[in-house]
Amino acid sequence: MAKVWQRKWMTATGEQRSAWVADYFSSQGERHIKTFALKKDATRYLEQVMTDVRRGVHTAPSRSVTVSEAGLDWIKRVEANGMRGKGPAEQGTLYQYRQHLNLHIAPRIGGMKLANLTKKSVESFRDDLLANMSRALAKKVLTSLKSILRAANYAHVAADVSIGMSKRHKRHIEAGMDFPTPAETKRIFDAAKDGKRRALLLTAALTGLRASELRGLRWRDVDLNGRELHVRQRADRFCKLGSPKSAMSRRTMPLPAELVTALKECKLACPKGELDLVFPTAGGKVEQHKSVLESIAPIFIAAGVVDRQGAPKYGLHALRHFFASWCINPKDRGGRGLSAKEVQALLGHETIQMTMDVYGHLFARGDDQGELDASTARLLV
């Protein structure tokens, strides 16, 4: 039986006090009480508790773990699942989850028991995130909290709390600002004298491989005679090799003749190693992402592709954007004129929506001005 009743008592000084008690039994038949100053608060709490009891998702505060404890359990579960089948490359994901828990979740609500979490407290957590970090990072941290709650069978508390990705101030990526123009790209190629780095930059710009895919690329996955490249693994931030990001990331890329020539020259001088990597360190190991960026920086500077401070204007990922724009641009503008579906497949995007969200504005829209003039003329005839 569940009820709200008033408790009255006399203090040592003779003053009369009172409080309101939410009194109920859990689904295990255990009695629990919680005291409130106001009757309406006790009633609201009891109504929510009994709803959770009927749904089988209620845990009494006295038996509840904290958010931090639930977070550690969640990470252990993710790690165990990765060891069973997702491979060592998932260490990067685990690192990110630990950062979310240790730097953002635990300091804010880590000590709170799951049973005391409410939609309002989760909303306050979300608002605090948005006030202190980028919207993109806040969205990722909130997603991690929701995963923690879901693993602890407490997802209902945050079910209606979300962070939408606002597009109001999001600008489209542009050539010459976010990725190199064709003229800048040619200057970069011309400035690349070292065989390995020239082959790396050509591969990045003419196949659109992600940096992790470039660092994990093996010679056995490059068919120089058949002029195609197979993406079958990647290297994470810890230089661990593992599966690509998703099933769509496994793909076959055609190789232009100039790139085949550059790769053949690169192979002759490539350090040998058990990993069979195309772009390894001098010892044949996986190269750090930071080291790759440092090695290509002088090439960008020599090419004059720099910002106002004289630093490289773009990172390695910008060449992936260049590849996408080159595939999209019509043939009369020096591009390949491919469809959105073809571009999605070449980039290894999981959905066509992902491709359109980033590159949709680059696709030709036809002669809008001509169509407008013709329609207006017909209207006014």
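Select R227 to begin, in this predicted model, and you will find it in the loop that runs between strand 4 (222-223) and strand 5 (228-231). R227 is not a glycine, yet its phi is positive, at about 55°. Its relative accessibility is 41%, so R227 counts as partly exposed.

N153 is exposed, because its relative accessible area of 59% lies over the 50% cut-off.

Now select helix 11, residues 317-328, whose 12 residues reach 17 Å from the first C-alpha to the last, close to the 16 Å expected at 1.5 Å a residue. Of these 12 residues, 10 are buried, so helix 11 is largely enclosed by the rest of the structure. Colour the buried positions, among them R320, H321, F322 and F323, and then display what surrounds them: the buried residues of helix 11 pack against helix 6 (182-191), helix 7 (195-207), strand 8 (251-254), helix 12 (340-347) and helix 13 (352-359).

To view the contact itself, show R197, L200 and L201 in helix 7, which meet V292, S295, I296, I299 and F300 in helix 10. The residues of this contact divide into 6 nonpolar, 1 polar and 1 charged.

Definitions and conventions. Residues are numbered from 1 along each chain as its sequence is written. This is a predicted model: local features need pLDDT of at least 70, side-chain atom pairs count only at pLDDT 80 or more; totals for chains, interfaces and linings use all residues. Side-chain values use heavy atoms; hydrogens and water are left out. Helices (H or I, at least four residues) and strands (E, at least two) are DSSP runs, numbered from the N terminus. The expected span of a helix is 1.5 Å times one less than its number of residues. Buried means under 20% relative accessible area, exposed over 50%, partly exposed in between (1.4 Å probe, protein chains only). Contact means heavy atoms within 4.5 Å. Ala, Val, Leu, Ile, Met, Phe, Trp, Tyr, Cys and Pro count as nonpolar, Asp, Glu, Lys and Arg as charged, and the others, Gly among them, as polar.
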